[in-house]
2 protein chains.
Amino acid sequence: MDHDLTIHRVLNVIQRATQTASQTHLTALLDRTLDLFVEEAHAEAGTLYLYDPEHDALVFHVVKGDAASQRLLGMRIPASRGVAGAALRAREPIFVHNVAEDPRWDRSIGELASLQLRTMYCLPLIIDDRPVGVVQVFNLPADAIDADEELILLRILGNVMVNVIDKTRLLDETHRRERRQRALADIAARLTTTLDRQQLLTLIMDYARDLLNCEATSVWEIDDEDEPNPVLRSHVATGSRGEKVTGVTVPFGQGIIGHVVATGAIIRLDDVRNDARHYQGVDQQSGFETRSILCVPLHAPSIELGAERGRVEARIIGGAQALNKIGGPFTDDDVALFEAFANLAATVLQLSRLYADTQNLLLGMIKALVEAVDARDRNNQRHSRRVSDFSVAIAEELGLSDEQIFHVRLGSLLHDIGKIGVPDAILDKPGRLTDEELVEMRSHTTKGYEIMSQEELKRLLRVELPALLQHHERLDGNGYPHGISGDRISWIARIVAVADVFDALTSTRPYKEPWSAERAIAYLTERKGVEFDAACVEALARARAKGHPLVKTQVERAMERG
Amino acid sequence: MDHDLTIHRVLNVIQRATQTASQTHLTALLDRTLDLFVEEAHAEAGTLYLYDPEHDALVFHVVKGDAASQRLLGMRIPASRGVAGAALRAREPIFVHNVAEDPRWDRSIGELASLQLRTMYCLPLIIDDRPVGVVQVFNLPADAIDADEELILLRILGNVMVNVIDKTRLLDETHRRERRQRALADIAARLTTTLDRQQLLTLIMDYARDLLNCEATSVWEIDDEDEPNPVLRSHVATGSRGEKVTGVTVPFGQGIIGHVVATGAIIRLDDVRNDARHYQGVDQQSGFETRSILCVPLHAPSIELGAERGRVEARIIGGAQALNKIGGPFTDDDVALFEAFANLAATVLQLSRLYADTQNLLLGMIKALVEAVDARDRNNQRHSRRVSDFSVAIAEELGLSDEQIFHVRLGSLLHDIGKIGVPDAILDKPGRLTDEELVEMRSHTTKGYEIMSQEELKRLLRVELPALLQHHERLDGNGYPHGISGDRISWIARIVAVADVFDALTSTRPYKEPWSAERAIAYLTERKGVEFDAACVEALARARAKGHPLVKTQVERAMERG
């Protein structure tokens, strides 16, 4: 044994190993490590597998040989199979003199590579009895078998590299987990920027597919409108043929999604076709072929509403599905991530519903009450609703923001709310009003303002309140209640004033026939800049000319209803 | 040179190194690595520093020597100082024959250890010209200087370990980042489970302190009630003396927090006392001594509200402060994390405000309208508000959930809303009603139900609607409008019926004196189980006996107001 050579080679191997070990990217590290093994062994080819403890499998990470052998990359074999599996179980290297004749050799893998294989050295990479991977080198010189020191060098190389490989792999996994957690936190931030249900569902599905790297995702919600027989309805689906899955329903408790929603369990299947619970109906309807599936419940938490409102209780509101993971089965990490994601999505969906319900309750009650107030004057049925429609049309035509348009909608609906405090006898009087009665009638502006400026309402309705108080003011100062003029009349009141007069002129009254829309617009146009805001009058005229669906008179609406 | 000894020692060192390298925890790995260096160098003591590129500093991670030397742990020295710094810059090991006489030796560090230092070998740990750390061993045998192979062994050890140390450190940092991202995602999920502002602010502060590991945190919001002179108000502060910071105000644009909120910039200061912008007022008011500070704006994003509601625009709503980072300065990672956290917090605060505004608008408008309806009957002022108070007191006494109590509050407020459609002449008639008038008067139950059961309202008010329709039904079937009896009367209507009669009896009417609360309860008690739900009557009696603040009659309320 030539010690001079050996120490030189040992130091050389260590130097090369430590240079290789500086790689921080797993793929590059494994690639150069295998190069090193093949060179040091004077071999012709080699493979490097990493061990996947979650599935007790060996995964091909690097292959050195001919081009065809690259097809092996990413392939998974059970850790119990092949020479690699045997070496891993034995925790000892195996030298094979003739690969083709070894009964442990996996022919299906061997045939993938066109190289004629003769000898093989198979070195398990182990840390403290924990398998990390396997290195195989092929076609080393036959005399290497007898040169113990050659094999000792490979073992030294393995010992030096195994820790670096293990830590780099951990680093890689931790990096990936960190990126996914970061993505999840980002998603949380972005999901909370919309309370619009449809937009929310779309975002949820897009994010889920990115996060899990799968072919398709879908969200299902419990639809209990038809109380005794609730169904699950698929709201949005992404991926190829996703559009065909949207709107599909599944009976409650049926199928995999139904089971998940009914029990709160998580289901992960590598091959859905073998599972009796799989509801074929959806695949048949969509033409999408489901292979692997990960299905989690949408668990909305208990949400504290604050103040007098109490809390809504935690409940399952539906489920989310990820279909056909790309590049392998769904992992434990996928399950944990999708579960966290689904909980987040459920929470935000619940917030969206709470907001929408409160908002709809607000608007619905105002419409109902305003109509009840209008109904007290039998000649004024649905007046406020029409004035609101006309006001919104004007606001849209003026290019106001959605937020301002909402204020216009609310303020115009409420403009006559003060009539609640005007006696029936005056409201409903068929003939002319006396001077005293006129004062009382005109007080609906100040009464409405007073009713709606109590306590906190004043802050919340600060944009709307002038519509109540000032919608009978005129630009020239000849209006009421205060006779203010020009810019002192708020923009919202100027809009509502035009809408209000347009409805009065075009509606039936005991003492007059209804005017046509065109005649009413001509009347307003004549007085624009004098009594009425010119821009508002012009906006109404434009909206009418365009056939804006909201600008229809009482008579036209009655004709439409038949 | 004895090669037999050398190869034996090389293999032995490599074996020991690879065993040590299997450690996955950074502290344990560094500790055992330094042991190995000290042993292989036959030294008496040693230190291991890691290089911190963010601050160009060397940080003591392990010290081997006497107990006193442990005080060095965690200490940071500029990378330009000492022998360690010199070796790192030179990228070459340094051997010092007499530490005490070396001009580069940092006496302030040397004096911390009681050991008499003689020789020192200082080995920089470098990967591809990138500094990772420095190992120093002290008091090696003097002849080691001449035994090159001894030092070569230490260099081999360094080469093998540097990659493992570097990757383990990266792994440690990535793990920490992953944990923080996971914490952020968890926080996102938990923050969205409350819309209650105060609870939210408290959660935000608790999470921020955990996340950043600092002594105190506070949230500041722009308070623009006093429009021309907005201030920043500290809402919740955690940490020692946190309570004293709550409610403190800072003029807009002043102080560090004011600057951050006005400009949207992030400010990080290692020593706040040197910064002119620091607003001393807060420290003086709280007695808290601020050293380091990290201050970020609360940037609420544009939020899509859906349907007709439009969107609210993005804006800065305040700022968040973290004070006195524990165990070092705030890092780049802290800045990124706190920024992400603050954006999340701002979003959820904005959602909470939106919900609260909509909710307050809803309740405020209902109260205002109901009062306007009550006012039409001059003998019935504020009747609905009192009935609502009594109903809520009964519901509380019955132990109903907050959610149910809210339905009771709304349903009872609305119970007489149908009177909007009853003529003034009947509502306000001083004497007895005729049979026809009575029919009209009683129709307020069905009218109220009809007004409020339009379109989507029916679903949203499904719990409340029976309170409108059935509050004049009686258990024995002698009520109206439908004469239903017993359990067919909904629970909410049974509560409102008791509250309604209690108010009618205890209020002034043109034809009768108001009854005392006790007489009214006696009346109800006599009829409990016959006309009125026994549990509801008993609940009202208990609430009154306890002095429940809501159970006060019209007369008592008038007296309180003076």
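This is a predicted model: local features need pLDDT of at least 70, side-chain atom pairs count only at pLDDT 80 or more; totals for chains, interfaces and linings use all residues.
Apart from its neighbours within four places in sequence, A:Glu54 makes contact with A:Thr331 and A:Asp332. The C-alpha atom of A:Glu54 is separated by 40 Å from that of A:Asp224, a residue 170 residues apart from A:Glu54 along the chain.

The domain assignment divides chain A into domain 1 (3-175), domain 2 (192-352) and domain 3 (377-561). Between the C-alpha centres of domain 2 and domain 3 of chain A the separation is 47 Å.

Two helix pairs of chain A were examined. In one of them, helix H19 (residues 517-526) and helix H20 (residues 534-545) of chain A have axes that come within 10 Å and cross at roughly 160°. An angle over 145 degrees counts as roughly antiparallel, and H19(A) and H20(A) are therefore roughly antiparallel to each other. The crossing of H19(A) past H20(A) is left-handed. On the H19(A) side the contact involves A:Ala517, A:Ile521, A:Leu524 and A:Thr525, which meet A:Val537, A:Leu540, A:Ala541 and A:Arg544 of H20(A). Six nonpolar residues, one polar residue and one charged residue make up this contact of H19(A) with H20(A).

In the other pair, helix H12 (residues 402-413) of chain A packs with H18(A) at an angle of about 55°, the axes being 10 Å apart. This angle makes H12(A) oblique to H18(A). H12(A) passes H18(A) in a crossing that is right-handed. The residues A:His407, A:Val408, A:Gly411 and A:Ser412 in H12(A) meet A:Ile492, A:Ile495, A:Val496 and A:Ala499 in H18(A). By class, five of the residues in the contact of H12(A) with H18(A) are nonpolar and three are polar, with no charged residue.

A helix pair was also examined in chain B. The axes of H11(B) and helix H20 (residues 534-545) of chain B come within 8 Å, with a crossing angle of roughly 100°. H11(B) and H20(B) are therefore roughly perpendicular to each other. H11(B) contributes B:Phe390, B:Ala393, B:Ile394 and B:Glu397 to the contact, while H20(B) contributes B:Cys536, B:Ala539, B:Leu540, B:Arg542 and B:Ala543. The contact of H11(B) with H20(B) comprises seven nonpolar and two charged residues, with no polar residue.

Backbone geometry was considered next. Most residues other than glycine have a negative phi, and most peptide bonds are trans. In chain A, the peptide bond from A:Tyr480 to A:Pro481 is cis, with omega near 5°. A:Pro481 is placed in the loop between helix H17 (465-470) and helix H18 (491-506) of chain A. In chain B, B:Tyr480 and B:Pro481 are joined by a cis peptide bond with an omega of about 10°, and B:Pro481 is in the loop between helix H17 (465-470) and helix H18 (491-506) of chain B.

B:Asn213 belongs to the loop between helix H6 (197-212) and strand E7 (214-223) of chain B, and is partly exposed, with 13 other C-beta atoms within 10 Å. B:Arg382 belongs to the loop between helix H10 (332-376) and helix H11 (383-397) of chain B, and with 17 C-beta neighbours inside 10 Å B:Arg382 also counts as partly exposed.

The contact between the chains takes 90 residues from chain A and 89 residues from chain B. On the side of chain B that touches chain A, the elements giving two or more residues include helix H1 (3-20), helix H5 (148-191), H6, H10 and helix H12 (402-413) of chain B. H10(B) provides the largest share of that side, 23 residues. By class, the side of chain B that touches chain A consists of 44 nonpolar, 26 polar and 19 charged residues.

Conventions: Residues are numbered from 1 along each chain as its sequence is written. Chains are lettered from A and ligands numbered from 1 in the order in which they are written. Helices (H or I, at least four residues) and strands (E, at least two) are DSSP runs, numbered from the N terminus. A residue is buried if 20 or more other C-beta atoms lie within 10 Å of its own, exposed if 12 or fewer, and partly exposed in between; C-beta atoms are placed from the backbone. Two residues are in contact if their C-beta atoms, placed from the backbone, lie within 7 Å. Ala, Val, Leu, Ile, Met, Phe, Trp, Tyr, Cys and Pro count as nonpolar, Asp, Glu, Lys and Arg as charged, and the others, Gly among them, as polar. Axes are lines fitted to C-alpha atoms, for helices over the stretch in contact, and angles run from 0 to 180 degrees between N-to-C directions. Angles under 35 degrees count as roughly parallel, over 145 as roughly antiparallel, 65 to 115 as roughly perpendicular and the rest as oblique. A crossing is left-handed if the near helix is turned anticlockwise from the far one by less than a right angle, and right-handed if clockwise. Domain bounds come from an automatic or database domain assignment.
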